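Please read the points below with the model open beside you, and check each one against the atoms as you go.

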Amino acid sequence: MRRVLDGGFELDDERSRIDLDAITAFLTESYWAEGRSREEQSRLNDESARLVGLYRGTEQVGFARVSYWETRNVAFLNDVYVLDEHRGHGLGVELVRETVDGGPHADALWLLRTNDMHRLYAKLGFGLPDEKWMVRGRGVSAAAPSHP
Ligand SMILES: CC(C)(COP(=O)(O)OP(=O)(O)OC[C@H]1O[C@@H](n2cnc3c(N)ncnc32)[C@H](O)[C@@H]1OP(=O)(O)O)[C@@H](O)C(=O)NCCC(=O)NCCS
């Protein structure tokens with residue numbers, strides 16, 4: 001897949017095109033992957049089902065990574081970013097749209113975590129789970145379900 005966007009930008013899921021140094025430089029400073037090393041990022045990339053890069057010419061200006069659990073058709077969206085100087089022009093929406101809808105996981109159940117970008121993901125069909133879902137782990141406090 002290779003998709004040309006306005007303004008000379010391009011989306012591409014070709015793994016060999018990913019600039020590991022560039023994505024590590026951003027992600028290691030992010031709130032969710034603070035301190036992540038180049039080696040860790042490389043391993044995560046290798047273990048991921050799909051990597052989508054946003055490029056301007058040869059420069060990597062954005063990225064998204066998909067983890068996929070085939071036996072349950074569940075996909076997790078990770079490591080989404082667009083470089084600061086290119087934000088606010090719809091590139092983030094197109095990056096996520098391509099990652100979610102453009103690849104082989106379009107019909108999966110998609111999961112993600114975000115501190116503050118709920119509106120972005122809502123544009124692409126993400127919503128809050130219904131009462132059938134329960135989660136356990138970091139940031140989750142155990143509570144009796146209100147719908148037993
Ligand atoms: C999230 C990110 C990829 C969005 O990229 P972008 O190119 O600016 O996004 P778009 O221009 O396509 O904006 C799409 C929508 O995202 C939401 N959005 C964008 N910036 C936002 C912000 N600072 N706060 C809350 N919502 C925001 C808005 O709903 C926006 O649509 P609107 O302008 O019509 O309201 C980018 O801001 C980024 O890389 N942020 C830092 C890393 C990050 O937080 N990644 C997401 C982790 S879950």
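1. Tyr-31 has a relative accessibility of 45%, so it counts as partly exposed, and Trp-32, at 35%, is likewise partly exposed (buried means under 20% relative accessible area, exposed over 50%, partly exposed in between, with a 1.4 Å probe and protein chains only). This is a predicted model, in which local features need pLDDT of at least 70 and side-chain atom pairs count only at pLDDT 80 or more, while totals for chains, interfaces and linings use all residues. Residues are numbered from 1 along each chain as its sequence is written, and side-chain values use heavy atoms, with hydrogens and water left out.

2. The structure holds 3 aromatic pairs (rings of Phe, Tyr and Trp, the last by its six-membered ring, pair if their centres lie within 6.5 Å; planes under 30 degrees apart are stacked, over 60 edge-to-face, and the rest tilted). One of them joins Tyr-31 and Trp-32, edge-to-face, at 5.1 Å centre to centre with 80° between the planes.

3. Tyr-121 and Phe-126 also pair edge-to-face, because their ring centres are 5.8 Å apart and their planes stand at 70°. Here Tyr-121 is buried, with a relative accessible area of 8%, and Phe-126 is buried too, at 16%.

4. Arg-17 lies over the face of Tyr-55, 4.0 Å from the ring centre (a charge sits over a ring if NZ of Lys or CZ of Arg is within 6 Å of the ring centre and within 35 degrees of the ring normal).
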